[in-house]
Amino acid sequence: MSGGAQDGEEPSLKTRARCREALLFKAFHLLVDSWKPGEREQVELNRQLLRIVSESYFKDLERKKDFHGIRYADEHKRAGYMIKWIMRFRPIQMKSENCCVKALCANEHFALTVALRFLRLSPDVVPPSFYYNLVYSLRYRAIDANAWALSCFLIQQAYGSPRETTEGHRTP
Amino acid sequence: MVPEKRDEQLPETVETLLDWKLLNSDSPFDDAEFLGEFESHAQKANELFEKAFAGSDFAQ
C-alpha cells in the first residue's frame, strides 16, 4: 500500500483510511459502470459518508488487532469489518424515487462485491440463490463484523479453490 | 470456600484466553492487487445480482 511511510514503518491510520477511501471510490465506479443506462443514474456515492466508512473501518479493526496482537488482519476480517461499516453508513445514495432493485440494494451489493474481492473469490462461483440470501441478511438482519468475518471464512472454504482456502486453521 | 486472594487462581485462565490465536495475514493489504481485474470482478458481481434477483420483488 502506498501512503508516505518510511521503510518498515506502518502508515498512519489516517493515511491508510484515505487510501482505502480512494480505492472504494474507484471500486464503486467500476461496479456501476457496467449497469444499464438508466440504472446507474439512480445512485450516487456520497464521498463524505465513504470517508466515515473508511475511517471507522480502520479504527474498529485497529482495536481488534491491538487486543489480539495481530499485525495484519486476514482477508476474512477485512471483508467482515468492511461489510459492517458500509452497511452502517450506506454511502451509496438513491437519486430517484422509482429505483430498480439493484439501486435499492446498492449498498448491500457493493459491500458483498468488495468482500468477495477481499476473499479473492470470483462472483461467478457463488450460487445466485445464496447471493440473494446474503443480500437479504445484510438488508434485514443485525450486522456483526466478527460474525460476518466467520461467514466470509466459510464462504471462502465453500467456494474458493484449494489455493485460496486456509486448510489447517481452526478458527477464523 | 472463597480464597483470600482471588488473583492467585486467575493468571493461568486469563493468559489462556488472551493467547487465543486468530487467523491473520503475513502481509499488508495490497491496493494494486485488489483493483487489478476489479472491472471484470464487478461485471461478474453484477451478473450474479441479476441472476439472484431475476423475477424477484425483493425490497419493492
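Ala73(A) sits across from Asn24(B), a residue of strand E1(B). This is a predicted model, in which local features need pLDDT of at least 70 and side-chain atom pairs count only at pLDDT 80 or more, while totals for chains, interfaces and linings use all residues. Residues are numbered from 1 along each chain as its sequence is written, with chains lettered from A and ligands numbered from 1 in the order in which they are written.

E1(B) pairs with strand E2 (residues 72–73) of chain A, antiparallel and over two bridges; pairing calls for at least two bridges found by DSSP. Helices (H or I, at least four residues) and strands (E, at least two) are DSSP runs, numbered from the N terminus.

As for the wider contact (C-beta atoms, placed from the backbone, within 7 Å), 40 residues of chain A and 29 residues of chain B take part. On the chain B side, two or more residues each come from strand E1 (24–25), helix H2 (31–35) and helix H3 (38–52). H3(B) gives the largest share, 12 residues. By type, that side of chain B has 15 nonpolar, eight polar and six charged residues. Here Ala, Val, Leu, Ile, Met, Phe, Trp, Tyr, Cys and Pro count as nonpolar, Asp, Glu, Lys and Arg as charged, and the others, Gly among them, as polar.

Within chain A, helix H3 (residues 75–89) packs on helix H7 (residues 145–159) at about 130 degrees, with the axes 7 Å apart. Axes are lines fitted to C-alpha atoms, for helices over the stretch in contact, and angles run from 0 to 180 degrees between N-to-C directions. The contact includes Tyr81(A) of H3(A) and Trp148(A) of H7(A).

Terms used: Two residues are in contact if their C-beta atoms, placed from the backbone, lie within 7 Å.
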